[in-house]
Amino acid sequence: MVGNDDALSWLDDVAQQRRDAGLRRELRPRTPAPATIDLASNDYLGLVRHPEVIDGAMAALRRWGAGATGSRLVTGTTTEHELLERELAEFVGAESGLVFSSGYAANLGVVTAMSGKGSLIVSDAGSHASLVDACRLSRARVQVSPRADVDAVRDALATRTEARALVLTDSVFSADGDLAPVRELHRVCREYGAVLLVDEAHAIGVRGDGGRGLVHEVGLAGEPDLVITATLSKSLASQGGVVLGDARIRAHLIDAARPFIFDTGLAPAAVGAARAALEVLQREPERAAAVLGRAADLARIAGVPEPESAVVSVVLGDAQRAFDAAQACRERGLHVGCFRPPSVPEGTSRLRLTARATITPDELATIETVLTEILAGAPA
């Protein structure tokens, strides 16, 4: 065996390779009152600083304390958690809900608990990283289908030998903002006795009647062979995740989902904030339409097709080109997302603009000035 005085020297080589490819990342802490216009966050409804949402968090904090104190099965479940679960389920038209500490944990929990050895998972190539990681942990046979390809899913289900099958997709693909063919996928799943899991992270608060999500919009709310997952950290301006569906699934997850059983429960303040945000959305359903309206404005400014969600994708191709354009926007007071591999395929690096219902006319004018100049000057 060859020795090495520095067992971490390989990290220097990897870091240099990332720098050379324009893929090095760094953390940039926000200030409480940022000087930039935010087109990078997922605060789609503009509720992160809403007084009622903050009051909801503070009330739960004072009543229950700062932490959940334990796992959900020990001391980490409060009446606040169960109220949120019922309210979210009723909102999307599901029979029941189960709250996790994050959307990532929710996907890990439900996929691994609903699959396992002797089952098949068919996962869309555009699925979120949490679903990809869940597949890796599932011990099931995993088949990745091309993005939004219903025929490929049908073929995978029709030729399977496993008794159980689970099909995974985002409802709104996070990098591009386009919609999955949820109705068609559900039809195929029902034909072949599979369960469809739809991650509604980017659809809740944006798509459907009053922001109830794409599943509700296409008329599939409450179907027993369809499971919804979602995060509370986007439209609901808080933290955490939820699985929504048949009550039998909820009961099974409580018994079998390791990220639920062994993780500390969601902090009460996050639960209180999410409940308050949901209440605001139900009282002001027009916020969902406002998000899509602002997204259309951003697409017009950027010269790309009108999106189907809050996500506006401006593909620039080269990773360094996208990074430089994002930096130039920041220097001009505009914070935009920059998606590079592995978040997106090679050669499709992009600016990712996220709409917010509360973008003002003055902000929109500034956005137009900055984006028009920077996109015109971005080297090809």
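**Exercise 1. Sort the lining of the second largest pocket into nonpolar, polar and charged residues.**

Solution. The lining has six nonpolar, one polar and one charged residue. Next, list the residues: L108, T112, A113, L137, A256, A257, R258 and P259. Two elements give two or more residues each, helix 4 (103–113) and helix 10 (258–261). Helix 4 gives the most, with three. The pocket's volume is about 160 Å³.

Terms and source. This is a predicted model, where local features need pLDDT of at least 70, side-chain atom pairs count only at pLDDT 80 or more, and totals for chains, interfaces and linings use all residues. Residues are numbered from 1 along each chain as its sequence is written, and side-chain values use heavy atoms, with hydrogens and water left out. On a 1 Å grid over the protein atoms alone, a cavity is a set of points where a 1.4 Å probe fits but cannot get out; a pocket is an open set with protein on both sides within 12 Å along at least five of seven lines; lining residues have an atom within 4 Å of a point. Helices (H or I, at least four residues) and strands (E, at least two) are DSSP runs, numbered from the N terminus.

**Exercise 2. Describe the largest cavity.**

Solution. Start with the count: there are four cavities of 30 Å³ or more. The largest has a volume of about 50 Å³. Its lining is L88, V92, I204, A230, T231, L232, L236, V242 and L244. Helix 3 (79–92), strand 7 (226–231) and strand 8 (241–245) each give two or more of these residues. By class, eight are nonpolar, one is polar and none is charged.

**Exercise 3. State how helix 6 and helix 7 pack.**

Solution. Take the geometry first. Helix 6 (residues 150–158) and helix 7 (residues 182–191) pack at an angle of about 10 degrees, with axes 10 Å apart. The two helices are therefore roughly parallel (angles under 35 degrees). Their crossing is right-handed. Now find the contacts (heavy atoms within 4.5 Å). V150, V153, R154 and L157 of helix 6 meet E184, L185, V188, C189 and E191 of helix 7. That contact has six nonpolar, no polar and three charged residues.

Definitions and conventions. Grid points are joined across faces, edges and corners, and a volume is the space filled by probe spheres set on the points. Ala, Val, Leu, Ile, Met, Phe, Trp, Tyr, Cys and Pro count as nonpolar, Asp, Glu, Lys and Arg as charged, and the others, Gly among them, as polar. Axes are lines fitted to C-alpha atoms, for helices over the stretch in contact, and angles run from 0 to 180 degrees between N-to-C directions. Angles under 35 degrees count as roughly parallel, over 145 as roughly antiparallel, 65 to 115 as roughly perpendicular and the rest as oblique. A crossing is left-handed if the near helix is turned anticlockwise from the far one by less than a right angle, and right-handed if clockwise.
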